[in-house]
Amino acid sequence: MMEQQLFSVKMRASRKEGEKDIHVSGAKRIVTVTELDKVCQQLLEHVLHHSKGEADAST
């Protein structure tokens, strides 16, 4: 049996309101290499269209 390599993908998006860093969105996933591109795109779409508004920073 071949061992599958797993990746931890984390996303956090926020925006500044004055001196405060306001959390907009965040997510974590454990994925295989074949899922990596798809999951990164899904998380990006999630933060770009979040109901809490637009982020100005993400990691």
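This is a predicted model: local features need pLDDT of at least 70, side-chain atom pairs count only at pLDDT 80 or more; totals for chains, interfaces and linings use all residues.
Local features need pLDDT of at least 70 and side-chain atom pairs pLDDT 80 or more, while totals for chains, interfaces and linings use all residues. Residues are numbered from 1 along each chain as its sequence is written, and side-chain values use heavy atoms, without hydrogens and water.

The protein has one helix and three strands, in the order β-β-α-β from the N terminus. Helices (H or I, at least four residues) and strands (E, at least two) are DSSP runs, numbered from the N terminus. Strand 1 and strand 2 pair in the antiparallel sense over 12 bridges; pairing requires at least two DSSP bridges between two strands. Two residues separate these strands in a hairpin, and Gly18 in the turn has a positive phi of about 65 degrees. Ser8 has Ile30 of strand 2 as its bridge partner.

Of the 59 residues, 22% count as buried (under 20% relative accessible area; exposed is over 50%, partly exposed in between; 1.4 Å probe, protein chains only).

Ser14 lies in strand 1 and is buried, at 5% relative accessible area. Its side-chain polar contacts include those tabulated below. A polar contact is a pair of N or O atoms within 3.5 Å; within protein, one must be able to donate a hydrogen and the other to accept it, and residues adjacent in sequence count only if both atoms are side-chain atoms.

| Side chains | Polar contact |
|---|---|
| Ser14 and Arg12 | 3.5 Å |
| Ser14 and Asp21 | 2.8 Å |
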